[in-house]
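Subject: Structure handover

Hello,

Here is the structure I promised to pass on. Please open it first, then read my notes below.

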Amino acid sequence: MKEGQKAIYYVTGDGKEKAAMSPAAEKVVGRGYEVLYMVEPLDEITIESIREYKEFDILDVTKEQDLKLGDDDKDEEKKKKKEELTKEFSDVIEYLEGTLSGKVNKVTVSDLLTTSPAALVQGAYGVSPTMQRYMKAQSVAAGGDDQGLNSMNQAVMEINPNHPIVKDLERMVKSGEKDSEETKNFATLLYDVAGMTSGYDVDDAGEFAKRVMALMTTKARDDGAGVQDAVIEEKTEEQDPVIEVKTDE
């Protein structure tokens, strides 16, 4: 391990590639620290019962907890900075918590994310998405009901205040656009992407596709490309069908 690393970090996922995609891992990888990838449900069950190894705590980076990053001397400075960021992005936090009500437990600002705009993490006693899928499969196989697993397992959404996507959402919320469908789609897509990269499944693939298409259509219109509608006239005995293309300016 890198000198100065004070804990053994791990992240769960359905395979090494998916585990490595976790935005939460950025918190420690960005510092050059090593991370263990737990890719089997049994790994997580086992590691949960092992709290430490020698002098090192064993910590899940996808949990909302103190990760012991080795800068304890800056705790007060970090706390003050986070309070300032939380106040600065209070409108965004309030908007996301309202828009995503029932999907997230709360929204917080993180100064540890580096390249991702947002991440979904669990509370200290939460269950990872990998374990959640395993528990659902076991429940269904036993003839039980898996509906209760979602309600007890709402994630915490962390946003990166330095990311352009979060800054753009802040602009939309503060400029009076927060009641528009475009802003709602933008915020929900932020949640969708954070969920997928954090290992969660998309609840409704159809609605997700609609949000993506709406965003792409808005981008096309902003670029002046326009949207083409094809109108097919009725075929007569004397002529073949005629396709008239109209472009919305």
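**What I found**

Among contacts in the protein (heavy atoms within 4.5 Å) between residues at least 6 apart in sequence, 70% join residues at least 24 apart. Before the rest, a word on the source. This is a predicted model, with residues numbered from 1 along each chain as its sequence is written. Local features need pLDDT of at least 70, side-chain atom pairs count only at pLDDT 80 or more, and totals for chains, interfaces and linings use all residues, while side-chain values use heavy atoms, leaving out hydrogens and water.

**Overview**

The protein has ten helices and nine strands. These are DSSP runs, numbered from the N terminus: helices are H or I with at least four residues, strands are E with at least two. Of the 249 residues, 36% count as buried. Buried means under 20% relative accessible area, exposed means over 50%, and partly exposed is in between (1.4 Å probe, protein chains only). The protein exposes about 15200 Å², and carbon and sulfur atoms supply 50% of that. Areas come from the Shrake-Rupley method with a 1.4 Å probe; for residues, only the protein chains shown count as cover.

**The cores**

The largest nonpolar core has 25 residues. Such a core is a set of buried Ala, Val, Leu, Ile, Met, Phe, Trp, Tyr and Cys residues joined through side-chain atoms within 4.5 Å. Those with the most contacts inside it are Leu96, Val104, Val107, Leu120, Met157, Ile159 and Leu169. Two or more residues come from each of helix H5 (90–99), strand E5 (104–109), strand E6 (118–121), strand E7 (155–159), helix H8 (164–174) and H9. H9 gives the most, with five residues. A second, separate core has 14 residues, including Tyr9, Ala19, Tyr33 and Val121. Back in the largest core, look at Val104. Not counting residues up to four places away in sequence, Val104 touches Leu120, Gln154, Ala155, Met157 and Tyr191.

**Helix H9**

H9 covers residues 181–197. Gly199 follows H9, with a positive phi near 105°.

**Helix H10**

Lys210 sits in helix H10 (residues 205–222). Lys210 counts as exposed because its relative accessibility is 56%. Its C-alpha atom is separated by 9.2 Å from that of Asn185, 25 residues apart along the chain.

**Helix H3**

Leu42 lies in helix H3 (residues 41–48). Its relative accessible area is 59%, so Leu42 is exposed. Asp43 is also found in H3. At 28% relative accessibility, Asp43 is partly exposed. The C-alpha atoms of Asp43 and Thr12 are separated by 8.4 Å, at 31 residues apart along the chain.

**A loop residue**

Lys54 is in the loop between strand E3 (52–53) and strand E4 (56–60). Its phi is near 55°, a positive value in a residue other than glycine. Lys54 is exposed, since its relative accessibility is 62%.

Best wishes

Terms used: The expected span of a helix is 1.5 Å times one less than its number of residues.
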